[in-house]
Amino acid sequence: QVQLVESGGRLVQAGVSLSVSCATSASSFSSSAMGWFRQAPGKEREFVAAISRSGGSTYYAESVKGRFTISRDNAKNTMYLRMNNLKPEDTATYYCAARPGVGNSGAYYVREYEYAYWGRGTQVTVSS
């Protein structure tokens, strides 16, 4: 069982930057494609960003492209999401997800069902 723990979410004002992290003790981290999703109150969970096992490939939802940056440190078993110029519509619980596996190290995934493991989330609230 892979445990993922998100951290770093908090209440911030619009326009500021914030980073959230996803840590795991699992040795499979470096062989896992990773992703961030979010769920706003009353809405379905949606894709935010994805990163390949190697970290060489990334992909973003249109709503965050140019503002958010996904990265990973395989030596620390940690993934990050740097969020710049936050907007009130970014308010949500942010979840990280992992897809352990072999194959194309440059592949990333954008659909929830493609991920096997999920964290419990960290709350990001952006006030206007």
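**Disulfide, nonpolar core and backbone of the predicted model**

In this predicted model, Cys22 and Cys96 are joined in a disulfide, with 2.1 Å between their sulfur atoms. The link bridges distant parts of the chain, since Cys22 lies in strand E3 (residues 18-23) and Cys96 in strand E9 (residues 92-100), the two being 74 residues apart. With an angle of 55° about the S-S bond, the link is right-handed, and both Cys22 and Cys96 are buried. A search of the whole structure returns 1 disulfide.

In soluble globular proteins, nonpolar side chains tend to be buried together. Here the largest nonpolar core comprises 37 residues, within which Trp36, Met79, Leu81, Met83 and Tyr94 have the most contacts. Two or more residues of this core come from each of E3, strand E4 (32-39), strand E5 (46-51), strand E7 (68-73), strand E8 (78-83), E9 and strand E11 (122-127). The surroundings of Met83 can be given in detail: when neighbours within four places in sequence are left aside, Met83 is in contact with Val16, Ser17, Leu18, Val20, Arg67, Phe68, Tyr94 and Val124.

Most residues other than glycine have a negative phi.

Technical notes: Residues are numbered from 1 along each chain as its sequence is written. This is a predicted model: local features need pLDDT of at least 70, side-chain atom pairs count only at pLDDT 80 or more; totals for chains, interfaces and linings use all residues. Side-chain values use heavy atoms; hydrogens and water are left out. A disulfide is a pair of cysteine sulfur atoms within 2.5 Å. Helices (H or I, at least four residues) and strands (E, at least two) are DSSP runs, numbered from the N terminus. Buried means under 20% relative accessible area, exposed over 50%, partly exposed in between (1.4 Å probe, protein chains only). A nonpolar core is a set of buried Ala, Val, Leu, Ile, Met, Phe, Trp, Tyr and Cys residues joined through side-chain atoms within 4.5 Å. Contact means heavy atoms within 4.5 Å.
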